[in-house]
Amino acid sequence: PLIAAGSQTTTFAGDYWKTHHLRVTTTESTGWNFTGTGCGATGCSVLNSSASANRVALGASASSGTYMQISACEMQSQLGYALYSSGSTCRIIDCWIHDSSQGVKTGNANAWSMIGNLIEQCGSGIGDIGASGGLTLVNNTIVHCGTGILASGAAVNLVAINNLIAYNKLG
């Protein structure tokens, strides 16, 4: 099914939301938003086609300690972040993240794992890695982006194993 949200946020409030095979199109500042713990999406597609900058396709805005798993999903925000969550524990597995200003913004992420994702055609593949409590990248492909991975000097516990980072303007 397609949720054509327009300028409305699709918010999954509360704990333990599990969404499967939904498509969401939106132009809102955060198009698809999880606000509770234990949430996840599998086989979903989220497009934020807003003409305004810094819009989020899929995000988690709950407090730190929130667990979220996104698997086999497609995420795109034409002028913003395909995926953004700050302070949440996340697993991003086998997703296609593309054609966004920034593919993934981790902020001050806590215990993120990104496994087997394809991130392509973004201004920055994975960016704004701040003073994170841990980001593990395993078997990801990050190609044709302006910058593959962008970490600040404060980034701690960044582990990258067997990733293909190629054809970007900067590594």
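User: In this predicted model, how many bridges join strand E14 to strand E17?

Analyst: Strand E14 covers residues 102–107 and strand E17 covers residues 124–129. The two strands run parallel. The number of bridges joining E14 to E17 is four.

User: Which residue in E17 is the bridge partner of valine 104?

Analyst: Strand E14 spans residues 102–107 and is joined by bridges to strand E17. For valine 104, the bridge partner in E17 is isoleucine 126.

User: Which strands stand at the edges of the open sheet of seven strands?

Analyst: The order in this sheet is E2-E5-E8-E11-E14-E17-E20, and the pairing is parallel. An edge strand here pairs on one side only. The edge strands are E2 and E20 (147–151).

User: Why is one side of strand E1 and of strand E22 left without a neighbour in the sheet?

Analyst: Eight strands form an open sheet with parallel pairing, in the order E1-E4-E7-E10-E13-E16-E19-E22. Strand E1 (2–6) and strand E22 (164–166) stand at its edges. One side of each has no neighbour in the sheet because each has a single partner strand.

User: Which residue in E19 is the bridge partner of isoleucine 119?

Analyst: Strand E16 (residues 118–120) and E19 run parallel and are joined by three bridges. The partner of isoleucine 119 in E19 is isoleucine 142.

User: Is asparagine 140 buried or exposed?

Analyst: Asparagine 140 is found in the loop between strand E18 (135–138) and strand E19 (141–143). Its relative accessible area is 1%, and the limit for a buried residue is under 20%. Asparagine 140 is therefore buried.

User: What is the distance from the backbone oxygen of methionine 114 to a polar atom of the side chain of asparagine 140?

Analyst: Leaving aside neighbours within four places in sequence, asparagine 140 is in contact with Met114, Ile115, Gly116, Asn117, Asn162, Asn163 and Leu164. For methionine 114, the backbone oxygen lies from a polar atom of the asparagine 140 side chain at a distance of 2.8 Å.

User: What is the angle between the planes of phenylalanine 12 and tryptophan 32?

Analyst: The count of aromatic pairs comes to five. Phenylalanine 12 and tryptophan 32 form a tilted pair, 5.3 Å centre to centre. The pair links strand E2 (residues 10–12) with strand E5 (residues 30–34), its two members being 20 residues apart. The angle between the planes is 40°.

Note on methods:
Residues numbered from 1 in each chain as written. Predicted model: local features only at pLDDT ≥ 70, side-chain atom pairs only at ≥ 80, totals over all residues. Heavy atoms only, no water. Buried < 20%, exposed > 50% of the residue type's maximum accessible area, 1.4 Å probe, protein only. Polar contact = N/O pair within 3.5 Å; in protein donor to acceptor, adjacent residues only side chain to side chain. Contact = heavy atoms within 4.5 Å. Phe/Tyr/Trp six-rings, centres within 6.5 Å; stacked < 30°, edge-to-face > 60°. Pairing = 2+ DSSP bridges.
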